Amino acid sequence: MQTYDVVVIGGGPAGSMAALTAAEGGLATLMVERDPVIGSPVRCAEGVDEKGLSEFFTPRPEWVAAEIESYCLVAPDGTKVEMAAGGGKGYILERLVFDRMIAQEAAGKGAKVLTAVEAVGMSGYDGGFRTVSLSNCDRKWDVRARVVVAADGVESRAARWAGLETSVNPHDMETCAQVTLAGIDFEPNMFRMYFTNEFAPRGYAWLFPKGKGTANVGLGIAGDFALGKRPFQYLDAFLAKYFPAAAVVSRTIGGVPCTGGIKKMIADGVMVCGDAAHMANPITGGGIINGMIAGRIAGETALAALKMGDAAEAALRPYVKRCNERFGDMNRRFYRLKEGILNLPDERFNSLAHELIEIPVDKRTPVRVLMSALASQPQFLLLLARVVF
């Protein structure tokens, strides 16, 4: 049985960043991805902020589809509120190219990368190792790992094999449907968010530019609303109203756990990161950058722990502390804010939009929008102040 210092389960941005960091530090690293192609299928709107991305990579034309310089909030009655991208611009990625690039960087540093290989089981922690069972279309085999990084997405089984709870209440699972549209007219450097309980109850719809006439258009709804009506039924009705003549060139569906994070994300020899650990921002659903941050911290934590010769749970606690400092504590606050913002009725969204368009464009900021939205809910205003300041 082959032995590795680190086995990473899942080849998305979180997993690939963990593999890259571990291999760069000289650890014998294996990363397995159950899909045949890294980055496919794309179940993501593909947006990131410049500040977060620049911590890892300089943007490259081959994996940047569009630059975002402004935002537009669209109220249920169609009122549009435009604002500049405060705190820096954003990017819409080509995830198929971007994800593959990170995996290639990991391989270049010495990580072994296997696709179309699924982790199908994991043993308990015994003598400083876990045994991970792998399978492909030809065979099954086992490998030993001193550290396992569980980055296997929303449906993570690896964390559960380690005894960690990753289940999601339907209320906190944003169920998302998205299409790529062609032949539509929009501002090429503007991201749109549509707030409407008719089409996206307890969520929102979006338009992310992908190039001339092409955009990712989708919506996310609270999971308890998806029980009686499927997300694509909401999305098709939304498209019929806003983009009736558009050509649909692709469709995808997925879920984003918006819980603010799982309660426990380490066990003996195991760290959980990315969507498997519910690291997405509970308000926006964005999780690429947080996943990459966690992946890097996981790789660094594995390196430090194995240098000391111990990867038991106590040795992995710095991973939890650092993730909380970077985004975990903030995500828990965002979760509480989500409950205040996404419960607003359409009438309040409309009146809020009418108030905001009276403010000069250069004075419209995301914080100003949130403060106006929560003006009648003082318990959330105090929380917002803690988030901002």
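Me: How do α1 and α6 lie to each other, roughly parallel or roughly antiparallel?

Reply: Helices α1 and α6 are roughly parallel to each other, a term for angles under 35 degrees, with over 145 counting as roughly antiparallel, 65 to 115 as roughly perpendicular and the rest as oblique. This is a predicted model, in which local features need pLDDT of at least 70 and side-chain atom pairs pLDDT 80 or more, whereas totals for chains, interfaces and linings use all residues. Residues are numbered from 1 along each chain as its sequence is written, and side-chain values use heavy atoms, without hydrogens and water.

Me: Which angle and distance describe the axes of α1 and α6?

Reply: In general, two packed helices are described by the angle and the distance between their axes. Here the axes of helix α1 (residues 13-24) and helix α6 (residues 288-307) cross at roughly 30 degrees and come within 7 Å; axes are lines fitted to C-alpha atoms, for helices over the stretch in contact, with angles from 0 to 180 degrees between N-to-C directions. Helices (H or I, at least four residues) and strands (E, at least two) are DSSP runs numbered from the N terminus.

Me: What are the values for α1 and α3?

Reply: The axes of α1 and α3 cross at roughly 20 degrees and come within 8 Å, which makes α1 roughly parallel to α3. The α1 and α3 crossing is left-handed.

Me: How many salt bridges are there?

Reply: Side chains of opposite charge can pair when their charged atoms come close. The count comes to 19 salt bridges, each a side-chain nitrogen of Lys or Arg within 4 Å of a carboxyl oxygen of Asp or Glu. One of them joins Asp5 and Arg146, at 3.1 Å from N to O, and this pair links distant parts of the chain, with Asp5 in strand β1 (residues 2-9) and Arg146 in strand β11 (residues 140-150), 141 residues apart.

Me: Is Asp5 buried or exposed?

Reply: Asp5 counts as buried because its relative accessibility is 16%, and Arg146, at 25%, counts as partly exposed; buried means under 20% relative accessible area, exposed over 50%, and partly exposed in between (1.4 Å probe, protein chains only).

Me: Where in the chain do Arg332 and Asp329 lie?

Reply: Both belong to helix α7 (residues 317-341), where Arg332 and Asp329 are three residues apart and thus separated by about one helical turn. Their salt bridge has its closest N and O atoms 2.7 Å apart, and the two residues count as partly exposed, Arg332 at 37% and Asp329 at 36%. Salt bridges that share partners also join Glu46, Glu94 and Lys210 into one network.

Me: Which residues make a nonpolar surface patch?

Reply: Val37, Leu96 and Val97 make one of about 190 Å², and Leu96, which lies in helix α3 (residues 95-108), counts as partly exposed at 35% relative accessibility. Patches are made of residues with over 30% relative accessible area and no salt bridge, like charges being joined within 9 Å and nonpolar side chains (Val, Leu, Ile, Met, Phe, Trp, Tyr) within 5 Å. Accessible areas come from the Shrake-Rupley method with a 1.4 Å probe, and for residues only the protein chains shown count as cover.

Definitions and conventions:
A crossing is left-handed if the near helix is turned anticlockwise from the far one by less than a right angle, and right-handed if clockwise.
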